[in-house]
Amino acid sequence: MTDAAWTAFDAAAARDREARIADQFAADPDRLSRMTVEAAGLYLDLSKQSWTRAGFEACLELARATGVESARARLFGGEAVNDTEGRAVLHPALRAAEGADYRALGEPVSVEVDTVRRAMADYAQAVRTGRETGATGKAFTAIVHIGIGGSDLGPRLVWDALKPLEPAIDLRFVANIDPRDMAEALTGLDPETTLVIVVSKTFTTQETLSNAEAAKAWLAESLHEAGRDSHFIGVTAAPERAAAFGCGRTFAFRDWVGGRYSLWSAVSLSCVIALGPEAFDGLLAGARAMDDHFVSAPLETNAPVMMALAQVWNVDGLGRSARTVAPYAHGLRRLPAFLQQLEMESNGKRVHRDGRPVERQTSPVVFGEPGTNGQHAFFQQIHQGPEVVPAEFVVVRRTQGDAAEAPLWANALAQGQALMQGKTTEAARVELSGVDAAEADRLAAHKTFPGNRPSTTIVMDRVTPEAVGALLALYEHKTFVEGVIWDINSFDQWGVELGKVLAKAILSDVQAGTPSAGLDPSTAALLDRLMR
Ligand SMILES: O=P(O)(O)OC[C@H]1O[C@H](O)[C@H](O)[C@@H](O)[C@@H]1O
């Protein structure tokens, strides 16, 4: 059944390859209504994707044949969908309404989720109101959040998106093992009024532990032993390691929370404190609304499913191996970085669940910049480069206050329009009237836009906690659906391990003062140069 659906998908893609997107609106008068959907307060327009009605039907059939609906039930049912690590994947449990009854591998988890959520809110209020103070009795006015990957990207995005212009609490993030990152974060801060939150699911990550050591030393320089640990908080799925490291208090989550799916957990403690528990509740509510949509909407009007199908269609049907994402809102500027981890770490896989090599491309390369900045950088290639790069625009109507930011979103709409309609050589030639004929022909070629380049547009009214929650949950479920269709495990990341092991080995060479005998000539020479 799956093979037949893939065969039909390939045949549909071969037929649609030459179809003009712009022509499809006339060919299928219902296209706009069928290709647009409202979900959890977001409006999605996939009508500028390069599928005909038949192409989209073939995609839907593929989703059905590959078992998207039953896989979704297994995910929400807390089964071991991460089957290389034997774990459930239950981030929806973290944003469920209080009193829900999620189970991970049969074990009830919701009571614990509610307890941690309440503890976070209580602690956040205590810090915000000055009830919880530092060792010298002063209220906390700054937070240094230390974490990397999933323990950094989500909270950093949330803070950028939702922080007030003049925050009461100065929240700073440190991820890089380069000490410069920590040095910048600590500049101007007073240890007496600074809370350090160390976030690491495993509490073994080299970058995070090294930064945490540096922060601990910084606190120790000015604060006496007594009460110092109240400045040092851990967030982890390994609370015993955090305690051994010296964290005065620990907020825990479980191994069924994947790192890149963890922003709904205590991983966002720093944001809960700096933004307030109500904002975090709003974020969870927006994600929950997307969960409800994802589990209940039919596949053909299911926002994450439609987004996933557009991706699979572009990547596997039409051979487009990259996708650019442009959030037209300064607050969402970290969205491309967040999506790089979410999508490329989840779905950049080379084998199926059973270990067989994949026959097709899986995750595309995802990259982007906020609009309009990206337009003045790499959009040249998106419009005229030989390879088609599908684009995704996240458009925000009001980014600040009540005014609609027309100059911002007019640009986003123009990009989608330009990509689809292009500009013919004849039109370019007309603009060159008066120029010598041969020269006009030459220039017209440069001024021609092939068009017929696909894009998706997502619209939100404002960057509220609810809208951000819905948007990030949309992308999480989209990523999951793609993994189901590709029959890969979206929830492990073995590909990051080898580099970690080799970095440790190289570090021991550095400590030993000489490159080890087994190193290849290139790496040995590089190391030698760096050690000099
Ligand atoms: O939260 P931690 O255990 O410190 O992990 C931080 C990050 O590093 C790992 O190597 C993985 O690539 C990421 O998925 C993870 O989010």
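Reading helix packing, the ligand shell and backbone geometry

Q: Which residues come nearest to the ligand?
A: This is a predicted model. Of the 14 residues around the ligand, the nearest are Gly149, Gly150, Ser200, Thr205 and Gly259.

Q: How many residues of the shell around the ligand are nonpolar, polar and charged?
A: The shell holds nine polar residues, three charged ones and two nonpolar ones.

Q: Which domains does the assignment give for the chain?
A: Domain 1 is made of two stretches, 2-79 and 284-490. Domain 2 covers 91-282, and domain 3 covers 495-531. Between the C-alpha centres of domain 1 and domain 3 the distance is 41 Å.

Q: What describes two packed helices?
A: Two packed helices are described by the angle between their axes and by the distance between those axes. Take helix H4 (residues 53-65) and helix H14 (residues 303-317): their axes come within 10 Å and cross at roughly 110 degrees. H4 is therefore roughly perpendicular to H14. On the H4 side the contact is made by Gly55, Cys59 and Ala63; H14 contributes Val305, Leu309, Val312 and Trp313. By class, six residues of this contact are nonpolar, one is polar and none is charged.

Q: At what angle do the axes of H14 and helix H20 cross?
A: The axes of H14 and H20 (residues 465-486) cross at roughly 55 degrees and come within 8 Å. The two helices are therefore oblique to each other, because an angle has to lie between 65 and 115 degrees to count as roughly perpendicular and under 35 to count as roughly parallel. The crossing of H14 with H20 is right-handed.

Q: Which residues make the contact of H14 with H20?
A: From H14 come Ala303, Pro304, Val305, Met307, Ala308, Gln311 and Val312. From H20 come Leu474, His477, Lys478, Val481, Glu482 and Ile485. Nine residues of this contact are nonpolar, two are polar and two are charged.

Q: How do helix H5 and H20 pack, and at what distance between their axes?
A: H5 (residues 68-76) packs against H20 at an angle of about 125 degrees, and the axes are 10 Å apart. H5 is therefore oblique to H20. This crossing is right-handed. Val68, Ala71 and Leu75 of H5 meet Phe480, Val481, Val484 and Ile485 of H20. The contact of H5 with H20 has seven nonpolar residues, no polar ones and no charged ones.

Q: Which peptide bond is cis, and where is Thr372 found?
A: The bond from Gly371 to Thr372 is cis, and its omega is near 10 degrees. Thr372 belongs to the loop between strand E11 (365-368) and helix H16 (379-384).

Conventions
Residues are numbered from 1 along each chain as its sequence is written. This is a predicted model: local features need pLDDT of at least 70, side-chain atom pairs count only at pLDDT 80 or more; totals for chains, interfaces and linings use all residues. Domain bounds come from an automatic or database domain assignment. Axes are lines fitted to C-alpha atoms, for helices over the stretch in contact, and angles run from 0 to 180 degrees between N-to-C directions. Helices (H or I, at least four residues) and strands (E, at least two) are DSSP runs, numbered from the N terminus. Angles under 35 degrees count as roughly parallel, over 145 as roughly antiparallel, 65 to 115 as roughly perpendicular and the rest as oblique. Two residues are in contact if their C-beta atoms, placed from the backbone, lie within 7 Å. Ala, Val, Leu, Ile, Met, Phe, Trp, Tyr, Cys and Pro count as nonpolar, Asp, Glu, Lys and Arg as charged, and the others, Gly among them, as polar. A residue is near a molecule or strand if its C-beta atom, placed from the backbone, lies within 6 Å of it. A crossing is left-handed if the near helix is turned anticlockwise from the far one by less than a right angle, and right-handed if clockwise.
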